[in-house]
Amino acid sequence: MSSKTVQPIRRREQGETKSRRSARQKREKREIAQSSVPTTYFDYNLMLVIIFLTCFGLIMLYSASAYSAQADFQDDMSYFIKQAMISAGSFGVMLIVSRIDYHVYGAFSFEIYVFAMIMMALVQTPLGTTINGARRWIQLPGNMTLQPSEITKIAIILFISCEICKMGRKVNDWLGIRRLLIYGGVAAGGVFILTDNLSTAVIVMAITCVLIFVAHPKTKPFLMIAAIGAGILIVIVAILAVYATNSDNFRIGRITTWLDPEGHSDGTGFQVLQGLYAIGSGGFFGKGLGNSTQKLGMIPEAQNDMILSVICEELGVFGAIVVLILFGLLLYRLMFIARNAPDLYGSLIVTGIFAHIALQVILNIMVVTNMIPTTGVTLPFVSYGGTSVLFLMTEMGLALSVSRRIKLQTE
């Protein structure tokens, strides 16, 4: 073969190699471009934790309430069935709320805030009903009740978060902070005055303060205020312990009972002491599921605020640790969503939900272990209460709605 024939063939082979290389490079660039497109995120881990907590709560609710349900309604599954049906329906509400853009709720946050105040005012009308000596519920058809103070928790989270976003840099000024505190104070005052629920009023105000703290760039002023407030609270408690031991006010009575539960064992200290006996008798691994003795009429309303003491008696310290781990995982997922939220409003909403769950869990544990005076704070997802479960699931739906807007950059 002549050299003239060989040269065109080599050029053609080189040309084909270049074209293949070019095609391969284009294909690689296209694949890289496709892989770098943000993908939609949904926090299935949070959903799994919610399912585990709800199922665990239903199991412990049946165990804690079977005796009293049989005594009161001749049906040991009465409380369990009601809670299970409400939990299933609330889970559906959570999924619906999670599919709606959370900015829609922000657009109507003021209306939700006003609606919550109106609903609390209805408690003082003939629609309100009294349960166990407290007038905090609205009577609904079908022998069902609604606790409006639970609506206020969601309303304050949405409204304060929206106002902080609207203020922008003004939230750094004292006037801006004062305005937010007024909004929170009005809601907390409404809860306390209209429904006579001090514990929920404290939680509402605490959520407001947490949101302001997170949005404000400075930390020292808040720490100083917290230290001063704690000092004032200690002085007040010390004064009450000395000069108000015989007071007829039931809130002051709770403080004196907290300081000396054994001295009030026949009255206001009975529930606290029985709860402590249950915790102490459980040991590390407990007596076994269903084997609690304190729930057999010794702990009043064991399925409500004091359900943790039944958990400790039946499952021991190990069971309490499991509960704390589940709540820790829940709070961790909420923190993850808050830190990766696409905007400030989404981050503040989830931060408010985080504060609500954390405060309620901490307060309930402190009440059961007599670290603070008795308050009507339930253990989220575990204690009996249809309204509580419904609005807790709604809050989880809001958190999942924020998680849906998170964009993950794949590599």
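Buried means under 20% relative accessible area and exposed means over 50%, with partly exposed in between (1.4 Å probe, protein chains only). This is a predicted model, where local features need pLDDT of at least 70, side-chain atom pairs count only at pLDDT 80 or more, and totals for chains, interfaces and linings use all residues. Residues are numbered from 1 along each chain as its sequence is written, and side-chain values use heavy atoms, leaving out hydrogens and water.

**Aromatic pairs**

- The structure holds 12 aromatic pairs, meaning Phe, Tyr or Trp rings (six-membered ring for Trp) with centres within 6.5 Å; planes under 30 degrees apart are stacked, over 60 edge-to-face, the rest tilted.
- Among them, Y62 and F80 sit with ring centres 5.8 Å apart and planes at 75°, so they go down as edge-to-face.
- Y62 is partly exposed at 30% relative accessible area, and F80 is partly exposed at 22%.
- Y113 and Y183 also pair edge-to-face, because their planes are at 75°, with centres 6.5 Å apart.
- Y183 is partly exposed at 22%, whereas Y113 is buried at 7%.
- Ring pairs tie F110, Y113, F159 and Y183 into a cluster.

**Charges over rings**

- K82's charged end sits over the F73 ring, 5.3 Å from its centre; the call needs Lys NZ or Arg CZ within 6 Å of the ring centre and within 35 degrees of the ring normal.
- R333 lies over the face of F336, 4.6 Å from the ring centre.

**Around E150**

- E150 counts as buried, at 7% relative accessibility.
- Leaving aside residues up to four places away in sequence, E150 touches T387, S388 and F391 (contact is heavy atoms within 4.5 Å).
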